[in-house]
Amino acid sequence: MSGDVLAVHRSFYESIESGDVDLMAALWIDRPDTSCAHPGTMPVRGTPTILRSWTMLMAQAGYLQFFLTDVHASYTSDGAVAIVTCTENILSGAGLESADGFAGGRVTSTSVLVLRQGRWLFHTRHASPVIDFDAETTEED
């Protein structure tokens with residue numbers, strides 16, 4: 001069971017990396033109570049609005065590549081809902097004229113997928129930036 005949900009989870013990132021809006025749309029359940037919180041934003045609700053937000057993000061983004069770590073899937077007792085958590089290690093670049101154009105970041109995300117007619121579909125996603133605190137700056141003087 002986890003292989004299927006993790007394959008769908010990976011397809012989500014592939015849709016962003018390739019700018020494939022159709023694939024992104026195929027991965028979400030069409031319901032008014034779906035939600036997606038992009039890093040640093042308030043949640044977007046409803047599948048059409050979520051897909052619009054992803055379309056706009058993909059249109060504005062240059063190069064994006066995700067290296068996922070700490071991927072973990074858990075399931076409700078009936079197996080109809082999966083919760084996937086991971087750390088997104090993101091490499092991005094605008095223009096890619098030189099290696100100096102690259103930037104990196106980390107985001108932690110939680111995705112809730114539901115099993116409908118034998119397919120795992122995204123229902124909810126929340127992503128937050130990871131802030132690395134330097135031990136020297138957090139100590140009291």
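A: A polar contact is a pair of N or O atoms within 3.5 Å; within protein, one atom must be able to donate a hydrogen and the other to accept it, and residues adjacent in sequence count only if both atoms are side-chain atoms. This is a predicted model, in which local features need pLDDT of at least 70 and side-chain atom pairs count only at pLDDT 80 or more, while totals for chains, interfaces and linings use all residues. Residues are numbered from 1 along each chain as its sequence is written, and side-chain values use heavy atoms, with hydrogens and water left out.

Q: With which side chain does the side chain of threonine 87 make a polar contact?

A: The partner is the side chain of aspartate 70, at 3.2 Å. Threonine 87 belongs to strand β4 (residues 81-93); strands (E, at least two residues) and helices (H or I, at least four) are DSSP runs, numbered from the N terminus.

Q: Is threonine 87 buried or exposed?

A: Buried means under 20% relative accessible area, exposed over 50%, and partly exposed in between (1.4 Å probe, protein chains only). Threonine 87 has a relative accessible area of 12%, so it is buried. Contact means heavy atoms within 4.5 Å. Apart from neighbours within four places in sequence, the residues in contact with threonine 87 include Phe67, Asp70 and Arg106.

Q: How many bridges join β3 to β4?

A: Two strands pair if DSSP finds at least two bridges between them. Here 11 bridges join β3 to β4, and the strands run antiparallel. One example is alanine 73, whose bridge partner in β4 is valine 84. The hairpin of β3 and β4 has 5 residues between the strands, and in it glycine 79 takes a positive phi near 75 degrees.

Q: Where does glutamine 65 lie, and which residues is it in contact with?

A: Glutamine 65 is in strand β3 (residues 63-75). Beyond neighbours within four places in sequence, glutamine 65 is in contact with Glu17, Asn89, Ile90 and Leu91. Its side chain also makes a polar contact of 2.3 Å with the side chain of tyrosine 63. Glutamine 65 is partly exposed, at 25% relative accessibility.

Q: How many aromatic pairs does the count come to?

A: A pair of aromatic rings is described by the distance of the centres and the angle of the planes. Rings of Phe, Tyr and Trp (its six-membered ring) pair if their centres lie within 6.5 Å; planes under 30 degrees apart count as stacked, over 60 as edge-to-face and the rest as tilted. By this rule there are 6 aromatic pairs. In one of them, tryptophan 28 and phenylalanine 122 are tilted, with 5.5 Å centre to centre and 35 degrees between the planes. Tryptophan 28 lies in the loop between α2 (21-26) and β1 (35-37) and phenylalanine 122 in strand β6 (residues 119-129), so the pair ties together parts 94 residues apart in sequence. Tryptophan 28 is buried at 4%, and phenylalanine 122 is buried at 0%.

Q: How many salt bridges does a search of the whole structure find?

A: A salt bridge is a side-chain nitrogen of Lys or Arg within 4 Å of a carboxyl oxygen of Asp or Glu. The search finds 4. One of them joins glutamate 88 to arginine 125, with the closest N and O atoms 2.2 Å apart. Glutamate 88 is in strand β4 and arginine 125 in strand β6, so this pair ties together parts 37 residues apart in sequence. Glutamate 88 is buried at 3% relative accessibility.
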